[in-house]
Amino acid sequence: MNTTQIGDISEQKFILYCLKREVAVCRPIGNNLPYDFIIDYNGSLLKVQVKTAYQNAGTVSDVWTFNTRSCSKNYNEVINHDYLGLIDYFAVVRPDRDDVIMVPISKSAKGSMKISYEDKCRSNQNCYKDFILF
């Protein structure tokens, strides 16, 4: 599978996750927006960027990473963009799970962020349980 197909699957998982929890989800028209969806959660409209988590090669623990930036190509140049001020949440999807965590942009790391899915997270780790919004 290529990265576009993986991203499409993650977006569909996010839609299903929202629908099962009766959270209204809207998809904007167009590809050049910094967010993939707008959700109506508790009366607030929130801009959401869906990201697929991945495990680094050789990782033994249940720690997964997702990118908090996007990359685009402009002729011969690669341009990295962050999402600060453009979205409200990252919806992080793991390929092997059906749940979704919601990481506020204000709590995200620059470039990429690691999330621990272990039952007992260490004090210096970002624990997935802290990012379950609905």
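**Close-up views of a predicted model**

**View 1. Ser10 is a buried residue of the predicted model, with a relative accessible area of 3%.** Buried here means under 20% relative accessible area, exposed means over 50%, and partly exposed lies in between, computed with a 1.4 Å probe on protein chains only. Ser10 belongs to helix H1, which covers residues 3-20. Helices (H or I, at least four residues) and strands (E, at least two) are DSSP runs numbered from the N terminus. Leaving aside residues up to four places away in sequence, Ser10 touches Val50, Thr52 and Val93; a contact requires heavy atoms within 4.5 Å. Residues are numbered from 1 along each chain as its sequence is written, and side-chain values use heavy atoms, with hydrogens and water left out. Because the model is predicted, local features need pLDDT of at least 70 and side-chain atom pairs count only at pLDDT 80 or more, while totals for chains, interfaces and linings use all residues.

**View 2. Asp62, Arg94 and Asp96 are linked in a network of salt bridges.** A salt bridge is a side-chain nitrogen of Lys or Arg within 4 Å of a carboxyl oxygen of Asp or Glu, and the structure holds four of them. In the bridge between Asp62 and Arg94, the closest N and O atoms are 3.3 Å apart. Asp62 lies in the loop between strand E3 (44-52) and strand E4 (63-67), and Arg94 in the loop between strand E7 (89-93) and strand E8 (100-104), so this pair ties together parts that are 32 residues apart in sequence. Arg94 also bridges to Asp96, with the closest N and O atoms 2.7 Å apart. Arg94 is buried at 5% relative accessibility, whereas Asp62 is partly exposed at 24%.

**View 3. Asp99 and Arg97 form a salt bridge.** The closest N and O atoms of this pair are 2.7 Å apart. Asp99 is partly exposed, with 22% relative accessibility. Arg97 is likewise partly exposed, at 24%.

**View 4. Met1, Ile6 and Ile9 form a nonpolar patch on the surface.** Patches consist of residues with over 30% relative accessible area and no salt bridge; like charges are joined within 9 Å, and nonpolar side chains (Val, Leu, Ile, Met, Phe, Trp, Tyr) within 5 Å. Ile6 is located in helix H1 and is partly exposed, with a relative accessible area of 32%.

Terms used:
Accessible areas come from the Shrake-Rupley method with a 1.4 Å probe; for residues, only the protein chains shown count as cover.
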